[in-house]
Amino acid sequence: MQNYRISLNDLSPEGKEFTLDDAAIWQEPMEEFRLDFRVSKPLCARILVLPMDGGWLVRGTLEGEVVLPCSRCAEDSVTAIKARFEDFESMPGLGDNEDESDETLAAAEMEDTADGRIVFEHNSPMLDLAAICWEELMLALPVTPLCRKDCKGLCAGCGVNLNEGMCACTEEEGDPRMAALRGLTLHKN
């Protein structure tokens with residue numbers, strides 16, 4: 001996969017906008033994490049990175065369309081992605097732990113790391129745009145995708161899709177131990 005890390009030291013004071021529409025940004029993590037969805041309309045992220053005091057403002061949009069399994073019937077559920085996001089990325093080491101010495105911070109910054117959005121390569125801060133894209137896509141996905149609002153789901157007994165018709169299951173009468181109470185009627189005073 002192409003490297004989507006940008007050098008934060010090389011940004012002009014006006015910042016820079018990036019357009020990311022390579023399918024590999026999303027395809028490789030989907031395969032790695034074995035996620036059960038596919039992209040049906042290409043995803044495109046536009047990200048503006050603007051230098052600020054103590055860090056960088058990251059603002060952008062993500063648009064496209066994905067197909068997820070419906071959480072009730074497991075049929076395809078088409079979900080339009082149209083997300084706006086804004087975040088502030090602090091310079092690592094600033095304000096995290098004031099007890100650390102400058103030598104400890106300098107040694108940590110000189111190591112090549114790959115833990116978060118800002119990583120250091122050869123003592124230079126780099127922003128991982130692919131990580132931002134992936135995180136924003138995960139946040140934009142619905143918690144319980146539905147193929148339609150009135151989805152009836154699957155029959156708990158036989159597994160038939162109730163959106164396509166009724167199943168042949170007989171309705172259970174309930175727990176047989178409660179049979180004596182079924183005929184009981186209560187009267188309000």
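## The three-stranded sheet

Two strands count as paired if DSSP finds at least two bridges between them. In this predicted model, that gives an open sheet of 3 strands, running in the order β1-β7-β6 with antiparallel pairing. The edges belong to β1 (5-7) and β6 (118-121), each of which pairs on one side only. Going from one strand to the next, the twist averages 40°.

Helix α3, covering residues 129-140, packs on this sheet and touches β1 and β7. Its direction makes about 35° with that of β7.

Let's look at how β6 meets its neighbour. β6 and β7 (residues 124-128) pair in the antiparallel sense over 4 bridges. Across from I118, the bridge partner in β7 is L127, while F120 stands opposite P125.

The hairpin has 2 residues between the strands, and H122 takes a positive phi near 55° there.

As for the side chains of β6, I118 and F120 point one way, with V119 and E121 pointing the other way. Whichever way they point, all of these residues are buried.

## T61 in strand β4

Now to another strand: T61 lies in β4, which spans residues 55-69. Is T61 buried or exposed? T61 has a relative accessible area of 19%, and the cut-off for buried is under 20%, so T61 counts as buried.

What does T61 touch? Leaving aside residues up to four places away in sequence, T61 touches C44, A45 and R46, along with A83, R84 and F85.

Notes:
Residues numbered from 1 in each chain as written. Predicted model: local features only at pLDDT ≥ 70, side-chain atom pairs only at ≥ 80, totals over all residues. Heavy atoms only, no water. Axes fitted to C-alpha atoms, helices over the stretch in contact; angles between N-to-C directions. Contact = heavy atoms within 4.5 Å. Buried < 20%, exposed > 50% of the residue type's maximum accessible area, 1.4 Å probe, protein only.
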